[in-house]
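Work through the exercises below with the model open in a viewer. Try each task before reading its solution.

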Amino acid sequence: MIAPARIAAYDILSTVSSGRADLAAAIAIARARLPNDRDRALATNIATGVQRWRATLDHLIVAFSKRSIDRLDPEVVDILRLSTYQLLHLTRVPAAAVVNDAVDLVGRAGKRSAAGLVNALLRRISRKRESLPLPIRPTDTGDRLAAIEYLSITLSHPRWLAVRWLDRLGFDATETWMRYNNTPAPLTLRANRLWVTAAEVSQRLAARGIAVRPGRFARDALVVEDGQPPLDPGLDGRVFVAQDEASQLVAFLAGSHPGARVLDACASPGGKTTALAAAMGNLGLLVASDVRDRRMDLLRRTVAASGATNIRLVQADLLKPLPFSQPFDCVLVDAPCSGLGILRRDPDIRWRRQEAELGMFAERQRQMLRHAADRVAAGGRLVYATCSSEPEENERVVDAFLHDEARDFAALDARIAAPDLPGAVVDERGHLRTLPYVHALDAFFGAVLQRRSL
């Protein structure tokens, strides 16, 4: 009998490989069908690990099968990936059990003719675990070809991205960044300052046996070190929300605007929205908008749980002129982007993105920024942010906007715009910039632009 967690992991990978859903959505669907917590955790571990190490796994499958990936059926590839991942990374599971489940999975997938190949290949990989044919770390890191082979295959990142980062950042920073992306991300919380402080949240969690430590840079961040915070009305929502620490820093750029009019123009899932509400002291007007029904539903739930009363929800498309007659004192655009800065949390993004897409994202981001700028009051603030690592989506979007709007907007140094923002996360141009190889945080970017007064 195949272990339920392995069946669920296969279903997740099959869903992602076919393009029917991204990893997070596929995991959510599969977890809902698993009644056992351990099975849910194992299925998530396997599916996430496969996406994280996919290039390495594929390299080994090709090396041991003597066949290219595209010559194998997709179902067989997914089974080989998840089984190879288990053999190499989940060594508590007996190798024989992994191989037997893989052979049974092949039959379940209607590919019984591949059972012999799967059985033989996995047994060979298991025997060679201590001497796998993978590119080693080059002794001469200036050997560009050897460095790219090691970074893209052994550290499992797209070759085009390895080339980009190597050329822009150098070998050591690229290696550190990729190793960071290949480690599981901790759960990070943000205390809901409307009702509690981070210290009070820490005390409440400790009373339930959950250990947390303060974040390094965001004042309300708590990193879970042991235990699983319960998602119940007694703790989550009004007390804390799950939000990456780098993401928490973006809201700092808006400043505190008690009594003002603020627009969060790409607001879902709502972490930044509720942080803005807290910074505003639950006063004034905070409009939160997004475009899709599903994202608005998620935003609505987050806002309701937070207890904030100054937030109003409006469904709007930032690729079109915004439906507001009155200007805002601050507009935040946390723009949809490639997501290349959050590969640790969403490892499947690295395989879904292509370099050619960066220009497409940048054009949409410039369009969004122009529409958002139209709703900024004289003397008001426009905040632009992404979770991308790439200049095309970050400073180049800002530079292009300022070039076009030179008479109306000027860049504002983040240290001036947000005195509570630690200087360590502000770059030489005055932008918020977190980098895994410097801050041990996901890569986020934020710029503050101010409209000139009339």
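The exercises cover helix packing, strand pairing and salt bridges.

This is a predicted model: local features need pLDDT of at least 70, side-chain atom pairs count only at pLDDT 80 or more, and totals for chains, interfaces and linings use all residues. Residues are numbered from 1 along each chain as its sequence is written, and side-chain values use heavy atoms, with hydrogens and water left out.

**Exercise 1. How do the axes of helix 3 and helix 5 cross, and which residues meet?**

Step 1. Locate the elements: helix 3 spans residues 37-52 and helix 5 spans residues 74-89. Helices are DSSP runs of H or I with at least four residues, strands are runs of E with at least two, and both are numbered from the N terminus.

Step 2. Take the axes, which are lines fitted to C-alpha atoms over the stretch in contact, with angles from 0 to 180 degrees between N-to-C directions. They come within 9 Å and cross at roughly 100°.

Step 3. Classify the angle. Helix 3 is therefore roughly perpendicular to helix 5 (under 35 degrees is roughly parallel, over 145 roughly antiparallel, 65 to 115 roughly perpendicular, the rest oblique).

Step 4. List the contacts (heavy atoms within 4.5 Å). Asn45, Ile46, Gly49 and Val50 of helix 3 meet Arg81, Leu82, Tyr85 and Gln86 of helix 5. By class, this contact has four nonpolar, three polar and one charged residues.

**Exercise 2. Describe the packing of helix 4 against helix 8.**

Step 1. Helix 4 covers residues 54-65 and helix 8 covers residues 144-154. Their axes come within 6 Å and cross at roughly 100°.

Step 2. The two helices are therefore roughly perpendicular to each other.

Step 3. Helix 4 contributes Ala55, Thr56 and His59, and helix 8 contributes Ser152, Ile153 and Thr154. The class count is two nonpolar, four polar and no charged residues.

**Exercise 3. Which strands pair with strand 12?**

Step 1. Find strand 12 at residues 445-451. Six of its seven residues are buried (buried is under 20% relative accessible area, exposed over 50%, partly exposed in between, with a 1.4 Å probe and protein chains only).

Step 2. Apply the pairing rule: DSSP must find at least two bridges between two strands. Strand 9 (residues 376-386) pairs antiparallel with strand 12 over six bridges. Strand 10 (residues 409-412) is antiparallel to strand 12 too, through four bridges. Strand 11 (residues 432-433) runs antiparallel to strand 12, with two bridges.

Step 3. Read off partners. Gln450 in strand 12 stands opposite Arg381 and also opposite Ala410. Phe445 is the bridge partner of Arg433.

**Exercise 4. Are Glu392 and Arg164 buried or exposed, and what does their salt bridge tie together?**

Step 1. Count: the structure holds 34 salt bridges (a side-chain nitrogen of Lys or Arg within 4 Å of a carboxyl oxygen of Asp or Glu).

Step 2. Glu392 and Arg164 form one of them, at 2.2 Å, N to O. Glu392 lies in the loop between strand 9 and helix 17, and Arg164 in helix 9, so the pair ties together parts 228 residues apart in sequence.

Step 3. Check accessibility. Glu392 is buried at 17%. Arg164 is buried at 16%.

Step 4. Compare Glu225 and Arg213, with closest N and O atoms 3.2 Å apart. Glu225 is exposed at 53%, and Arg213 is partly exposed at 34%.

How values were computed
Ala, Val, Leu, Ile, Met, Phe, Trp, Tyr, Cys and Pro count as nonpolar, Asp, Glu, Lys and Arg as charged, and the others, Gly among them, as polar.
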